[in-house]
Amino acid sequence: MTLIQWILFFALLQIVHGIGTWKMYVAVGRKSWEAFVPVYNAIQFMKILNRPSWWTILLFVPIVNLIMFPVIWVESCRSFGYNSTKDTVLAVLSLGLYGAYLAYTQPLKHLPERSLVPVNKTADTVSSLLFAIVVATIVHTYVMQPFTIPTASLEKSLLIGDFLFVSKFHYGARTPLTAVSMPMVHDSIPFMHKKSYTNYPQLPYFRFPGLQQIERNDIVVFNWPVDTVYKFFDTSKRKALKPIDKKSNYVKRCQGIPGDSMEIKDGQVYINQKPLVLPERSRIQFSYLVTTNGGGFDESYLQKELQITDPIYIDNRTPNTYIFSALTADSAARLKNNPVVVSIVKNISKEADSSVFPQNTTWNRDNFGPIYIPEVGKTVALNAQSLPFYERIIKEYEGNTLEVHGNEIKINNKVATSYTFKQNYYWMMGDNRHNSEDSRYWGFVPENHIVGKPVFIWLSVDPNGRGLNKIRWERVFTTVNGEGEPFSYLKFFLLGLAAYFGISYFINKKKQNS
């Protein structure tokens, strides 16, 4: 929906609210016109319901308001003595119109001193549950979101089975774009495999100010820009056109920020013609060709000594040659010292790969660019050579019409020889460089697709572990960022938890004895 459409929609809601409730305002001694004034009417209505004025804010918080509206519908009936189970059900099922029916057909006797305490255990449970959902939804949407690492694209920096807390406030919390959606779930309802949202209406993009800008080498969670998969890991050909905030969540390392010139030479990333220095905790991996003297590799040696769990393939092109799908430089150096190894060479691509962005160059995954990372407000020349890099930005990400007739380019029905970007873009890559579907294959990540910054690993589960070894204890309660080896704060958490329960026990014991 456009801004004008949203204004008209909001105005229509005010009219509907006014027509349906003005008799309630009059019944408590207010003026009828107060029911039609935006925001002011909501504040006054909270006073009629004997609820705090700050509840008005919740009515304008996307997703949270979907929970609050039914509460308000029920409260408006109860404030005038209609509090039976039938009244409650009809208020919800009629989307609040039952309150208007009562206002026009039944006597309205306001109960200003009505009890707000739940009348029974069931009502108390429902009230507590709704409050918990509202708080959790606010935290999940604007503060911190749990996230699971599903793929090996960031091995060994982040592992499959890592459970993260992703900060929404570091880069600024993005308000929901999808107006109608179930709280605290992504694109599908758990266990039902059904959509958890409606595609329409869509809210305008807005992001609160953040603590920092995205920096090079930051690990970032974002919505996969080209996502049309019906379900993550679904091998069928079904496709789905998803809203931005319902596209699959990806996690990669930012290698280029707006305004950068990015290039890859033999696997090394260059930013503005200088090698990008990676942080100490990064564990960049490549595939390697390993030739042996005929000897094989002991599995326990690979797993325990070199911590290699990725697949190893036999290279049928050359006798006694293996392809190690993912090795860090440190693991490759140690493997080179194995007596059976004759040579070990990083498997750098030299030939053109038509699958890499923008799908019509001589580039490949290891030799790529240079390419400009678009920055908001900056202008680039448009021609047959540059258009493939920015075509998706112009059409999909920034909502313009684009036509090409020979050498003539038209944007929004006007001939264009240049284009000015409306938002920032980023270049995201996985640390597992030869096993990562990232910007090298589908291009730029728009700013409005940014979700947040992973900050904390609260649990790490090894898919191949058993028993207590199923938990990677050394990774539990560790920070994602920082220098040096990750440090687990689990023991401090357990000590604090034990101290809390111990102190609580003695305080309660003392109260009982006094």
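Reader: Which residues does valine 451 touch, not counting residues up to four places away in sequence?
Author: This is a predicted model. Valine 451 is found in strand 22, residues 450-460. Leaving out residues up to four places away in sequence, the residues that valine 451 touches are Gln145, Ser167, Lys168, Arg174, Val221, Phe222, Asn223 and Asn249.

Reader: Is valine 451 buried or exposed?
Author: Buried means under 20% relative accessible area. Valine 451 has 7% relative accessibility, so valine 451 counts as buried.

Reader: What distance separates the C-alpha atoms of valine 451 and threonine 125?
Author: Along the chain, valine 451 and threonine 125 are 326 residues apart.

Reader: Which element gives the most to the largest nonpolar core?
Author: The largest nonpolar core has 29 residues, and among those that touch the most other members are Met262, Phe368 and Trp427. Elements that give two or more residues to this core include strand 7 (261-265), strand 14 (368-372) and helix 10 (387-397). The element that gives the most, with six residues, is helix 10.

Reader: Which residues is phenylalanine 368 in contact with, leaving aside neighbours within four places in sequence?
Author: Phenylalanine 368 is one of the residues in the largest nonpolar core that touch the most other members. With neighbours within four places in sequence left aside, the contacts of phenylalanine 368 are Met262, Glu263, Ile264, Val356, Phe357, Trp363, Trp427 and Arg440.

Reader: What covers the buried residues of helix 2?
Author: Helix 2 spans residues 40-48, and its buried residues include Asn41, Phe45 and Ile48. The cover over the buried residues of helix 2 includes helix 1 (3-27), helix 3 (55-58) and helix 4.

Reader: At what angle do helix 1 and helix 2 pack?
Author: Two packed helices are described by the angle between their axes and the distance between the axes. Helix 1 passes helix 2 in a left-handed crossing. The contact is made by Gln14, His17, Thr21, Met24 and Tyr25 of helix 1 and Asn41, Gln44, Phe45 and Ile48 of helix 2. The axes of helix 1 and helix 2 are 12 Å apart, and the packing angle is about 35°.

Reader: Why is helix 4 oblique to helix 5?
Author: Helix 4 (residues 64-78) and helix 5 (residues 85-93) pack with their axes 9 Å apart, at an angle of about 140°. Angles over 145 degrees count as roughly antiparallel, and 65 to 115 as roughly perpendicular. The angle between the two helices therefore makes helix 4 oblique to helix 5.

Reader: How many nonpolar residues has the contact of helix 4 with helix 5?
Author: The crossing of helix 4 and helix 5 is right-handed. Trp73, Val74, Cys77 and Arg78 of helix 4 meet Thr88, Ala91 and Val92 of helix 5 in this contact. By class, one residue is polar, one is charged, and the nonpolar residues number five.

Reader: Where is proline 370 found?
Author: The peptide bond from glycine 369 to proline 370 is cis, with omega near 10°. Proline 370 is found in strand 14.

Reader: Is asparagine 413 buried or exposed?
Author: Asparagine 413 is found in the loop between strand 17 and strand 18, and its phi is near 70°, a positive value in a residue other than glycine. Exposed means over 50% relative accessible area. Asparagine 413 has 58%, so asparagine 413 is exposed.

Technical notes: Residues numbered from 1 in each chain as written. Predicted model: local features only at pLDDT ≥ 70, side-chain atom pairs only at ≥ 80, totals over all residues. Heavy atoms only, no water. Axes fitted to C-alpha atoms, helices over the stretch in contact; angles between N-to-C directions. Helix = DSSP H or I, 4+ residues; strand = E, 2+ residues; numbered from the N terminus. Parallel < 35°, antiparallel > 145°, perpendicular 65-115°, else oblique. Left-handed = near helix turned anticlockwise from the far one by under 90°. Contact = heavy atoms within 4.5 Å. Nonpolar A, V, L, I, M, F, W, Y, C, P; charged D, E, K, R; others polar. Core = buried A, V, L, I, M, F, W, Y, C linked by side-chain atoms within 4.5 Å. Buried < 20%, exposed > 50% of the residue type's maximum accessible area, 1.4 Å probe, protein only.
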